[in-house]
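Colleague: I'd like to go over the charged side chains in this one. Can you take me through them?
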Amino acid sequence: MEGGGGIPLETLKEESQSRHVLPASFEVNSLQKSNWGFLLTGLVGGTLVAVYAVATPFVTPALRKVCLPFVPATTKQIENVVKMLQCRRGSLVDIGSGDGRIVIAAAKKGFTAVGYELNPWLVWYSRYRAWREGVHGSAKFYISDLWKVTFSQYSNVVIFGVPQMMLQLEKKLERELEDDARVIACRFPFPHWTPDHVTGEGIDTVWAYDASTFRGCEKRPCTSMHFQPPIQA
């Protein structure tokens, strides 16, 4: 049959159908764009999750009332700390051990050294460094808040502190440490204690405080702690 214009009806149907059929190349391009869109979304999402996982342990301490930021110790600071440990014995703790430099240096000098750090990434890295340096047996690292740790079992305490925390930490250590302990402060001194030794200059300054001194015992057992027998006439 023919239409009103003399064109066969079959031809008109084919042309009508062809107008609604998309080229195969167009469908392939659309599918490829869709796949790239899903891939890009996945990459962006994965990147954001990775950044969050890595950054959170570094950012979270800054949200605390008193934070101890990670600032790597300089080579000179480490040397000055080691100098303050000469002729010292017993265990050592680094409060806020960062990437483990002080703990590893102390372990190499024969100390049983422990580091407490709130950032898990730094703790894992410190453990790796201790293993690489061959002192993983005497250098240990733990994820912990310094305010929740008791330091009475340590004879040597190292702290890279900030001014906002030194007074509170001063009270905590004076309450917990034994009389033969030594506290070594880097970058900032304690507000009330008088140091027994000072070395270094500028940011490399290190202050050493003996517990017997800041308790007023003058490096010997406090006489108030011992019974004095009466003098016989």
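Modeller: Let's start with Asp99, which is buried, with a relative accessible area of 7%. Keep in mind that this is a predicted model.

Colleague: Which residue forms a salt bridge with Asp99?
Modeller: Arg101 does, and the closest N and O atoms of the two are 2.7 Å apart.

Colleague: Is Arg101 buried or partly exposed?
Modeller: Arg101 is partly exposed, because its relative accessibility of 29% lies between the cut-offs of 20% and 50%.

Colleague: Which residues are linked in a network with Arg101?
Modeller: Asp99 and Arg129; salt bridges link them with Arg101.

Colleague: Why would such side chains pair at all?
Modeller: Side chains of opposite charge can pair when their charged atoms come close.

Colleague: Moving on, how many salt bridges are there in the whole structure?
Modeller: The search finds 7. One of them joins Glu79 and Lys76, where the closest N and O atoms are 3.6 Å apart.

Colleague: Where are Glu79 and Lys76?
Modeller: Both are in helix α3, which covers residues 75-84. They are 3 residues apart there, so about one helical turn separates them. Glu79 is partly exposed at 44% relative accessibility, and Lys76 is partly exposed at 43%.

Colleague: And what does Arg215 form a salt bridge with?
Modeller: With Asp179, at 2.7 Å between the closest N and O atoms. This pair links distant parts of the chain, 36 residues apart. Arg215 is in the segment after α7 (211-214), and Asp179 is in the loop between α6 (163-176) and β5 (182-186).

Colleague: What are their accessible areas?
Modeller: Arg215 has a relative accessible area of 27% and Asp179 one of 29%.

Technical notes: Residues numbered from 1 in each chain as written. Predicted model: local features only at pLDDT ≥ 70, side-chain atom pairs only at ≥ 80, totals over all residues. Heavy atoms only, no water. Salt bridge = Lys/Arg side-chain N within 4 Å of Asp/Glu carboxyl O. Helix = DSSP H or I, 4+ residues; strand = E, 2+ residues; numbered from the N terminus. Buried < 20%, exposed > 50% of the residue type's maximum accessible area, 1.4 Å probe, protein only.
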